[in-house]
Amino acid sequence: MAAVTTTPRQKISWGTTNVVVVVLALIPVLWLVSLSFKTPAAILDPSYWPKAWTWSNYSQILSTSQFIRPLINSIGIGVIATFIAVVLASMAAYAVARLQFPGKSVLIGMALLIAVFPQIALITPLFSIERGLGLFNTWPGLIIPYVAFGLPLGIYTLSAFFREIPWELEKAAKVDGATPFQAFVKVIAPLAAPGMVTTAILVFFACWNDFLFAISFTSTISSRTAPASIAYFSGSSQFTVPTGPIAAAAVVITIPIIIFVLFFQRRIVAGLTSGAVKG
Amino acid sequence: MSEAVGTVAASEAIEEPSGRRKPQLSEGAKAERRLGYWLCAPAVIVMVAVTLFPIGYAIYLSLERYNLELPQDVKFIGLGNYAAVLSSPYWWQALKVTVVITVFSVAITLVLGMLLAMVMHRTLFGRGTVRTAALIPYGIVTVAAAYGWQYAWTPGQGYLASVFNNSAALTQEWKAIGVIILAEIWKTTPFMGLLLLAGLSLVPEDLQKAAMVDGATGWQRFTKITLPLMKPAILVALLFRTLDSFRIFDNIYILTAGANNTGSVSVLGYDNLFNALNLGIGSAISILIFICVAIIAFLFIKGFGTAAPGTDITKR
């Protein structure tokens, strides 16, 4: 709102504020980028920018299965878990947004409970259960918990989106003889696609970000994800801390996030602000 | 399910407050109810299988003496593990650290998040750029950011350490906790800002203009109009951030690994499972953390009158 006319002073003060926000958000990220381009000798120089640039940290991590394999695991597990979570969440969110049935508030309460659930409380029992079922150190051993924790986020975000859909179209389809299921698949699902893309991004972020489950339910690189693998990096000798390679790996796993943010900024903001507050 | 038209009519009929008994439901309403259950069933099964069932199993494990190194020595010992945890200084130290980190990071994040929300809401230009930049800390992998903070504070190689006379902040208890709080604030302020932005956009412009015409200062408008109208949004954001912060693990694991009394309850639980291999004690810690979270959520919902975020969905 502010004033009706924009004075130059306002322009300057808002410009300054914007710059401060952007700089504060980016300094720690650019520091990682800078570290990843420093030579091993220059790592011990605290200057913010490298004096000499090198790709050697990247070539080092991208030539070893110790990082490539976890990267593949991260992508595979993240994509599969996101897909399953979005499909199951859209079914439940449709029911929440559109259908009358007893027990709906129980479902919403359960989703809320899991959204705030302390994951550490599940580590011990799930570790024990996964070992018993042979799921420990496998892809499904991570996909299943990721789906469970992606569901509440998905149900909240999607039911918010589903309420915005013009439902007269569904009624029209039903009048024309479509079953509720056909109305869902043929009419509503295409309209809901943008909301589902947003939800998928948010759920994928959560899977991509996870560390606790990833270090607890894996023991080798056959299923360890990228964030967990970084914590197991070792230096070229036992006396060197692999700062450069770790920084390069951190940058690599940040790149997908930045790409999503750049292309889907509006959708992500809409998704994050739609779920919890608009009442 | 073929009586599609009946479904629509019936769904309106059910909304009458006096809940009807099953036999009186029309075929359409029954079909709708069945569809509702079928659509929710897969999600419910996964959530129950991964959270509620293991919590039940954890309660059972927590009552046993069960060390993975001594598999033949498994024995039911009642509340013995709880007594052991609650009488241990490690538990209380971890709880203290967790509470300190939660209180400070949430309080500071709330203030900064409100400022960020104002900037994102009011700025005259570059709104997209500001929002994009703010989303990067939200999206970045916590572990990746944590390594950045760790190296920044390492004496001799970090830009922040060199600004602060190369003192090894991460090896001293309270300074390390300060760094952990800083890392948490940087990472979570954008999320807080976005939740508050949604609340901010619900404050009517007319009200602000009317107050301005009446000569209210910016601060008066903020405290008398914006804040009261945003109370529900603020409380929901606070609830989410508090419970999220209480389970802090990634940042501490990377920054200090819990050394020098900087471990949170989550780090303590993790160590008891993977370093001590003690399923009994680890489960008791899990259940105690779960109880803490339940108490915090209960206090928020009852004490502050927060509408649970789900309730608005049902009331629509």
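In which loop of chain A is A:Asn137 found? A:Asn137 sits in the loop between α5 (120-133) and α6 (139-162) of chain A. The model that shows this is predicted. The phi angle of A:Asn137 is near 60°, a positive value in a residue other than glycine. A:Asn137 counts as partly exposed because it has 17 C-beta neighbours inside 10 Å, and a residue would need 20 or more to be buried.

B:Ala257 is placed in the loop between α11 (250-255) and α12 (265-274) of chain B. With 13 C-beta neighbours inside 10 Å, B:Ala257 is classed as partly exposed; the exposed class takes residues with 12 or fewer.

Chain A contains 11 helices and 0 strands, and its pattern along the sequence reads α-α-α-α-α-α-α-α-α-α-α. The C-alpha atoms of chain A fill a box of roughly 75 × 70 × 30 Å along the principal axes. Of its 279 residues, 51% count as buried. Among contacts in chain A between residues at least 6 apart in sequence, 75% join residues at least 24 apart.

Chain B has 14 helices and 2 strands. It runs to 316 residues, of which 46% count as buried. For chain B, 66% of the contacts between residues at least 6 apart in sequence link residues at least 24 apart.

How far can chain B be trusted? The mean pLDDT of chain B is 82, and 88% of its residues reach 70 or more. Within the chain, confidence is lowest in helix α1 (residues 4-14), at a mean of 40, and highest in helix α4 (residues 89-122), at 93. The pLDDT is below 50 over residues 1-22 of chain B, a stretch that has 35 contacts in the model beyond near neighbours in sequence. Residues 310-316 of chain B also have a pLDDT below 50, and that stretch has 13 such contacts in the model. Where pLDDT is low, the predicted coordinates should not be read in detail. For the model as a whole, ipTM is 0.86 and pTM is 0.86.

Chain B is divided into domain 1 (4-62) and domain 2 (88-315). Between them, 5 residues of domain 1 are in contact with 7 residues of domain 2. The domain 1 side of this contact consists of 4 nonpolar residues, 1 polar residue and no charged residues.

The two chains also meet each other. Their contact takes 101 residues from chain B and 98 residues from chain A. On the chain B side, the largest share, 19 residues, comes from helix α2 (residues 27-62). By class, that side of chain B has 64 nonpolar, 26 polar and 11 charged residues.

Domain 1 (4-62) and domain 2 (88-315) of chain B each supply at least three residues to the core. The surroundings of B:Leu196 can be followed residue by residue. Setting aside residues up to four places away in sequence, B:Leu196 touches B:Gly113, B:Met114, B:Ala117, B:Met230, B:Ala233, B:Ile234 and B:Ala237.

A last stop is B:Asp250, in helix α11 of chain B. Is this aspartate buried or exposed? B:Asp250 counts as buried because it has 25 C-beta neighbours inside 10 Å, where 20 or more are required. Its contacts, leaving aside neighbours within four places in sequence, include residues of both chains: A:Phe211 and A:Leu212 on one side, and B:Thr142, B:Val143 and B:Ala146 on the other. B:Asp250 and B:Ala169 are 81 residues apart in sequence, and their C-alpha atoms are 18 Å apart in space.

Notes
Residues numbered from 1 in each chain as written. Chains lettered and ligands numbered in written order. Predicted model: local features only at pLDDT ≥ 70, side-chain atom pairs only at ≥ 80, totals over all residues. pLDDT = per-residue confidence, 0-100. Helix = DSSP H or I, 4+ residues; strand = E, 2+ residues; numbered from the N terminus. Contact = placed C-beta atoms within 7 Å. Domains from an automatic or database assignment. Nonpolar A, V, L, I, M, F, W, Y, C, P; charged D, E, K, R; others polar.
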